[in-house]
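Notebook open, model loaded. I want to go through the fold one spot at a time and jot down what I look up.

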Amino acid sequence: MLPSSSALPQASQGAESASGQLAFNNACRTCHMVREGDNRLGPNLHKIVGRKAGSLPDYGFSSAMKEAGFVWDEEKLDRFIANPDEVVPGNSMKPYGGLSSSDDRKKIIAYLAQSR
Ligand code: HEC
């Protein structure tokens with residue numbers, strides 16, 4: 001029996017978050033883990049939405065990040081990922097060129113927001 005073409009994936013359910021994870025892996029995972037306590041070159045991004053900027057006690061943030069004085073929300077993250085220096089001048093998230101695709105940014109933020 002030949003597989004019928006109607007057996008193609010019926011639902012793209014979960015595809016959104018899967019592509020968010022893929023985009024994260026491509027753009028961020030060299031330096032960031034989402035898992036709690038897992039700091040690499042960059043701090044872990046566990047529950048980053050709602051977390052105060054530069055607030056992890058066990059990671060050595062730049063003083064710019066420590067003194068940023070705001071809580072990450074979707075909008076801040078979007079601007080930061082597009083152009084870190086515009087949101088936190090003097091931050092040490094380097095080398096990072098910025099993510100110009102607003103589509104990719106949206107996906108990554110959705111992925112981070114649901115990784116709680
Ligand atoms: C080259 C390594 C590198 C890459 C790639 C990178 N980051 Fe970072 N990131 C860092 C470093 C280092 C810091 C700490 C910056 C500081 O202290 O000024 C940081 C800080 C952050 C913070 C602030 C965390 C906090 O606790 O306040 C967020 C949010 C963040 N990165 C998100 C991302 C996202 C999302 C991506 C992918 C789109 C990404 N980063 C890509 C290295 C990187």
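Predicted model: local features only at pLDDT ≥ 70, side-chain atom pairs only at ≥ 80, totals over all residues.

I started at Ile48, which is buried, with a relative accessible area of 4% (buried means under 20%, exposed over 50%, partly exposed in between, with a 1.4 Å probe and protein chains only). Ile48 sits in the loop between helix 1 and helix 2. Leaving out residues up to four places away in sequence, I find Ile48 touching Trp72, Leu77 and Leu112 (contact is heavy atoms within 4.5 Å). The C-alpha atoms of Ile48 and Leu112 are 7.0 Å apart, though 64 residues separate the two along the chain.

Numbering runs from 1 along each chain as its sequence is written, and side-chain values use heavy atoms, with hydrogens and water left out.

Lys47 belongs to the loop between helix 1 (15-27) and helix 2 (63-66).

Then the overall layout. I count five helices and zero strands, in the order α-α-α-α-α along the sequence. Helices here are DSSP runs (H or I, at least four residues; strands are E, at least two), numbered from the N terminus. Of the 116 residues, 34% are buried. Among contacts with a separation of 6 or more, 37% join residues 24 or more positions apart. The accessible surface comes to about 7,400 Å², and 51% of that belongs to carbon and sulfur atoms (Shrake-Rupley, 1.4 Å probe).

On to helix packing. How do helix 1 and helix 5 pack? Their angle is about 105°, with the axes 8 Å apart; axes are lines fitted to C-alpha atoms over the stretch in contact, and angles run from 0 to 180 degrees between N-to-C directions. That makes helix 1 roughly perpendicular to helix 5 (65 to 115 degrees; under 35 is roughly parallel, over 145 roughly antiparallel, the rest oblique). On the helix 1 side I listed Ser17, Ser19, Gly20, Gln21, Ala23, Phe24 and Ala27; on the helix 5 side, Lys107, Ile108, Tyr111, Leu112 and Gln114. By class, that is six nonpolar, five polar and one charged (nonpolar: Ala, Val, Leu, Ile, Met, Phe, Trp, Tyr, Cys and Pro; charged: Asp, Glu, Lys and Arg; polar: the others, Gly among them).

Helix 3 (residues 74-82) also packs on helix 5 (residues 102-114), at about 130° with axes 10 Å apart. That makes helix 3 oblique to helix 5. The residues in contact are Glu74, Leu77, Asp78, Ile81 and Ala82 from helix 3, with Arg105, Ile108, Ile109 and Ala113 from helix 5. I get six nonpolar, no polar and three charged residues there.

Last stops. Phe70, in the loop between helix 2 and helix 3, is buried at 15% relative accessible area. Not counting residues up to four places away in sequence, Phe70 touches Lys52, Ala53, Lys76, Val87 and Val88. Where is the cis peptide bond? It joins Lys94 and Pro95, with omega about -5°, and Pro95 lies in the loop between helix 4 (84-87) and helix 5.
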